[in-house]
Amino acid sequence: MAAKEKKTTQKIPLDMSSIASKSEFNRTELAILLLYLAVDLIPKLGSVEVMGPQWLYLSLVNLLATIYIFTSFKDKLNRILQKISVNILSKVYLSVFVLCGFSIFFAINPVESLVVYSRFMITIIAFLNISLLLYQRPKYIEFLFQAISIIALFQCIPLLYSYVKLVDTTQTDQLILSLISNSGNKNILAASFVIKTPLIIYCVFKFYSIRRFIINITSLTLVVIMILLLNARAAYIGFFVQIIMYLIFLYLSKKQSTIKQTRRQLLNVLLPVIFGIVFSQILLSLPNSSSAYTTLDKRLATINQSGSSARLYLWSNAINLIKDNPITGCGYGNYKIESKKYQYDFFNDFDYSKHAHNDFLQITAEAGLLTGLLFLSIFLIAFTYTLKTWGSALPSEVKILSIISLMALAGYFVDAIFNFPMERPVMQIFFAFALAINVIVFIDTITPKPDSSIGQNFRVIFLFVSCTLTIISIYTCWQVYKSMKVQVLTHHHFGQVQPGVSYLDINSRFPAIPNLGENSIPINDVKAWYLYRAQKFNEAISLLNQDKNASPYTMSVELLKAAAYVDQGLIDSAHYYSKKGFFTKPRSIALFQLVTTTSTQLRDSSTIKKAFKEFRKYRDDPKAWKMYLKSLMLIGYNMNELLSISDSIAKVHPKENEIQHARYSIRAANSAMNSNFSAALDYLLEIKKMYPNDIENIENIGLTYFNLGDYTNAEIYLRMVSQAMVYSNGKSEFFLGVSLLQLGRKDEACPFLNQAAIRNYPQAKEFFNSNNCQIKN
């Protein structure tokens with residue numbers, strides 16, 4: 001195919017002053033192009049993630065653009081589409097799209113594949129629409145570059161103002177992390193500035209007028225300041241690669257320009273870049289507090305530290321996935337699901353990495369080696385096109401556009417090596433924009449052989465395919481956006497309920513698509529968690545038994561089933577699921593707590609010891625020490641040995657409240673065993689000083705007061721436990737009822753004894769009946 005193009009290459013340049021570009025700007029076409037490039041102005045709109053409304057927005061713009069192109073271009077559309085169809089870069093990009101779609105047949109979760117693939121649909125149709133609009137009127141390119149420069153200027157001003165305003169009153173880490181605009185996080189914002197930088201450089205290079213020059217040079221300076229201020233190392237690399245490419249371009253073009261012109265073009269760009277670098281370093285030196293985000297030299301020195309080692313770990317996981325499925329991949333969009341089985345020994349609790357932090361490895365893992373190589377070749381072909389354009393006799397205007405598009409693609413390429421720009425709307429639309437420019441600059445140097453077999457059908461095929469994919473993407477993105485609006489109420493660390501939110505507020509509002517939340521936890525598991533909190537155990541377990549392939553390696557199902565079975569008293573079932581979950585994911589403190597809880601009730605000391613040993617391979621968490629020691633204490637482990645262990649650990653960690661908590665609990669239990677309830681109470685009150693809201697300890701205090709015969713204080717503490725509605729075993733209600741009986745308050749005691757009897761607490765029914773209790777309606 002490459003040889004074919006070479007044979008048909010003619011010097012028929014893209015004419016920037018052609019009849020099309022000389023004619024008046026078509027406002028509708030220009031508005032559509034501006035709508036595409038304004039995607040990062042779209043805010044969250046009530047969504048948990050800004051990309052939800054942004055992807056929906058782009059899908060709607062695609063529909064508008066497709067309808068306009070079909071109705072307005074008419075006969076011209078066939079000719080332009082035919083030229084695009086013979087372009088190797090377009091064919092390779094389309095091949096990547098088709099192969100990613102084919103890989104969905106091998107996905108464990110095709111619903112999630114559809115969600116992610118719909119975003120690819122949006123991007124490839126946007127690429128096609130932008131290519132068609134720009135090819136028809138190439139003069140739009142300069143106008144769009146200028147618009148991007150102005151938009152970037154107004155994006156930077158409020159961000160820079162916020163930094164200067166808050167730098168003396170806010171922690172540096174927190175301040176820099178808050179500089180996200182409508183991007184999602186600071187790294188994405190920095191990458192979006194990097195991909196826009198060459199377009200702004202073009203505006204500075206052209207020197208249209210003094211007024212526009214001032215606007216553009218100010219925009220370039222502020223963009224450089226923000227890139228350096230945001231402390232994103234991948235953005236640093238991408239930005240400096242672009243500057244080096246610009247310098248190479250000036251060096252190669254010096255023969256076509258005078259020394260004065262070359263010097264001006266060099267200084268016009270380098271001076272704002274240098275000023276931006278210097279000013280950003282001054283701003284980063286202002287905070288007095290220590291921070292991971294610091295000046296350029298110090299930040300670059302951290303490349304070999306934790307963030308980079310985590311990337312290497314994730315890259316290794318992606319390579320393992322590629323080895324598992326080298327031909328078909330694991331299914332497009334399913335990396336976040338399949339990679340979890342390689343992450344158990346790295347991330348704590350229910351944290352996972354959704355991305356490989358390398359789009360080339362991730363797309364290869366998801367769609368196979370051929371797809372990965374084709375995706376990589378897109379950048380190699382764009383580079384080749386630029387070299388061919390540069391070596392041709394084309395006008396300098398065309399050559400400059402080719403270089404600028406390649407610089408933008410280089411910024412994207414670097415970000416794709418270290419991050420995940422394929423997921424972010426702003427990065428994808430600017431990738432499509434830069435790719436479209438690279439294609440249309442090269443496309444008119446090719447004279448395609450007319451294909452009579454397609455003829456007038458091109459226009460109809462375009463409409464059918466584009467509209468079909470666009471409608472699918474609109475529907476999918478709308479469903480995802482609705483889900484993301486509900487996830488605002490649930491998107492916290494799994495297992496932590498947002499106060500004031502119940503299953504009634506969320507479960508019925510989730511649409512069928514997607515079946516995974518933004519935290520990679522299945523939506524059904526989220527619903528089940530809230531049902532479990534409402535003690536609707538059977539409904540929760542029923543949900544957990546559905547859609548088992550949504551994310552089978554998360555271990556959230558095992559956690560919830562174990563917890564539900566514990567509360568139902570089905571300890572054998574709870575023990576099975578807690579062991580399965582914990583020994584699969586041994587870094588989870590919640591699963592460790594469950595396995596020690598079930599092992600305690602089964603008096604299984606060997607599992608407690610084995611689980612603790614496994615947990616400590618990865619984490620030395622004081623909470624785990626407390627759970628371990630208390631579990632051994634509850635199953636009757638040698639008390640002297642426990643006292644010795646707790647004392648020695650407390651000496652090693654004297655400031656760890658969790659360990660002191662375990663130590664005091666063991667001493668309180670030992671005192672209670674020896675009927676020294678006064679000493680036990682003293683230890684329990686020490687725990688209360690550290691953890692005033694610890695319900696278990698509050699219950700133990702109430703029971704200790706009960707054993708001391710102090711029923712007044714027993715009532716106070718046991719009533720607190722009952723009102724908290726944490727336990728469903730009826731224990732606190734039983735002793736509260738007995739305390740009230742001792743205080744001569746039978747009418748108040750009977751309802752609590754009745755609750756304890758309903759919950760099958762031992763002797764509760766006998767006390768209720770022997771005191772002739774009656775429940776008033």
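**Close-up views of a predicted model**

**View 1. Packing of helix H10 against helix H11.** The axes of helix H10 (residues 186-206) and helix H11 (residues 210-229) come within 9 Å and cross at roughly 155°, where axes are lines fitted to C-alpha atoms over the stretch in contact and angles run from 0 to 180 degrees between N-to-C directions. That angle makes H10 roughly antiparallel to H11, a description used for angles over 145 degrees. The crossing of the two helices is left-handed, meaning that the near helix is turned anticlockwise from the far one by less than a right angle. The contact residues divide into 13 nonpolar, three polar and no charged, with Ala, Val, Leu, Ile, Met, Phe, Trp, Tyr, Cys and Pro counted as nonpolar, Asp, Glu, Lys and Arg as charged, and the others, Gly among them, as polar. Helices are DSSP runs (H or I, at least four residues) numbered from the N terminus. The model is predicted, with local features needing pLDDT of at least 70 and side-chain atom pairs counting only at pLDDT 80 or more, whereas totals for chains, interfaces and linings use all residues. Residues are numbered from 1 along each chain as its sequence is written, and side-chain values use heavy atoms, with hydrogens and water left out.

**View 2. The second largest pocket.** This pocket (an open set of points on a 1 Å grid over the protein atoms alone, with protein on both sides within 12 Å along at least five of seven lines) has a volume of about 530 Å³, the volume being the space filled by probe spheres set on points joined across faces, edges and corners. Of its 18 lining residues, Leu81, Leu94, Leu128, Phe462 and Val465 lie nearest its centre, where a lining residue has an atom within 4 Å of a point. Helix H21 gives the most to this lining, with six residues, and by class the lining has 14 nonpolar, three polar and one charged residues.

**View 3. The largest cavity.** About 220 Å³ of space lies in the largest cavity, a cavity being a set of grid points where a 1.4 Å probe fits but cannot get out. Val116, Tyr332, Gln362, Met422 and Glu423 lie nearest its centre among 18 lining residues, which comprise seven nonpolar, five polar and six charged.

View 4. The bond from isoleucine 513 to proline 514 is cis, with omega near 0°.

Note on methods:
Angles under 35 degrees count as roughly parallel, over 145 as roughly antiparallel, 65 to 115 as roughly perpendicular and the rest as oblique.
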